[in-house]
Amino acid sequence: MGHEGSDALIDAALKGLTGELRDTKNGGWYAGLDPDGNPLPDKQCYAHAFVILAASSALKAGREGAKELLDEALATYDKYFWNEEEGLARDTWNTEFTVLDTYRGVNANMHTVEAFLAVADVCNDDVYRKRAGRIIDHVIEWAKNNDWRIPEHFNEKWDVLLEFNDDR
């Protein structure tokens with residue numbers, strides 16, 4: 001906003017999100033491309049949260065196509081990642097959105113809070129502030145029950161997996 005050259009950077013980012021990173025067959029976005037330009041497999045919550053964040057920022061900057069991207073990103077996120085009953089985000093689907101991984105994590109939810117707060121500010125929509133607050137309430141409770149350390153890894157029932165990755 002007001003920095004020379006920023007418009008070109010925003011437009012390049014929008015081009016990537018509406019182009020090579022967008023899955024036109026199955027919906028949603030890839031987290032990235034491999035060195036040969038092939039999409040990385042799976043659909044990750046945090047990558048979709050970043051699409052929401054990018055689209056919100058582009059909309060705030062008044063860039064063409066940002067509102068359409070944001071609307072699509074929110075619809076995709078709501079369909080596959082947000083769990084209204086739990087008040088938390090699901091983590092990872094296969095590429096086709098047919099198999100949900102049993103892993104759940106705080107990382108995806110942390111980036112979801114960031115994205116939801118941006119949407120709430122840009123669109124003046126308190127639904128997203130309330131959703132962010134619901135996630136935060138869970139994290140505070142988990143930390144409270146773990147000597148105020150935030151556990152990162154969970155199973156599909158949101159049972160804490162403190163030993164997850166302990167071999168690494």
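**Helix packing, salt bridges and surface features**

Helix α2 (residues 45–60) has 16 residues and spans 23 Å from its first C-alpha to its last, close to the 22 Å expected at 1.5 Å a residue; the expected span is 1.5 Å times one less than the number of residues. Helices (H or I, at least four residues) and strands (E, at least two) are DSSP runs, numbered from the N terminus. The model is predicted, so local features need pLDDT of at least 70 and side-chain atom pairs count only at pLDDT 80 or more, while totals for chains, interfaces and linings use all residues. Residues are numbered from 1 along each chain as its sequence is written, and side-chain values use heavy atoms, with hydrogens and water left out.

The buried residues of α2 include Cys 45, His 48, Ala 49, Val 51, Ile 52 and Leu 53, where buried means under 20% relative accessible area, exposed over 50% and partly exposed in between (1.4 Å probe, protein chains only). The buried residues of α2 pack against α1 (6–18), β1 (43–44), α3 (66–80), β3 (88–89) and α4, contact being heavy atoms within 4.5 Å. Just after α2, Gly 62 takes a positive phi of about 75 degrees.

Turning to α1, this helix has 13 residues and reaches 18 Å from first C-alpha to last, close to the expected 18 Å. Its buried residues are Ser 6, Leu 14, Gly 16 and Leu 17. Viewed down the axis of α1, these buried residues fall within an arc of 160 degrees, so they line one face of the helix; the arc is that of the directions from the helix axis to the C-beta atoms. Ala 8 and Lys 15 are exposed on the other side of α1, whereas the buried residues of α1 pack against α2 and α3.

Helix α4 (residues 106–123) holds Thr 112, which counts as buried at 1% relative accessibility. Leaving aside residues up to four places away in sequence, Thr 112 touches Cys 45, Ala 49, Tyr 77, Ala 89 and Ile 135.

Salt bridges come next: the count is 10, each being a side-chain nitrogen of Lys or Arg within 4 Å of a carboxyl oxygen of Asp or Glu. One of them joins Lys 67 and Asp 71 (2.8 Å, N to O). Because Lys 67 and Asp 71 are four residues apart in helix α3, about one helical turn separates them.

Another salt bridge pairs Asp 78 with Arg 131 (2.7 Å, N to O). Asp 78 lies in helix α3 and Arg 131 in helix α5, so this pair ties together parts that are 53 residues apart in sequence. Asp 78 is partly exposed, at 31% relative accessible area, but Arg 131 is buried at 11%. A salt bridge also forms between Arg 134 and Glu 84, with the closest N and O atoms 2.8 Å apart. This pair links distant parts of the chain, with Arg 134 in helix α5 and Glu 84 in the loop between β2 (82–83) and β3, 50 residues apart. Salt bridges that share partners also join Asp 7, Asp 11 and Arg 63 into one network.

Two loop residues complete the picture. Asn 124, in the loop between α4 and α5, has a positive phi of about 55 degrees although it is not a glycine. Trp 148, in the loop between α5 (126–144) and β6 (153–154), is likewise not a glycine and has a positive phi of about 65 degrees. Trp 148 is exposed, with a relative accessible area of 58%.
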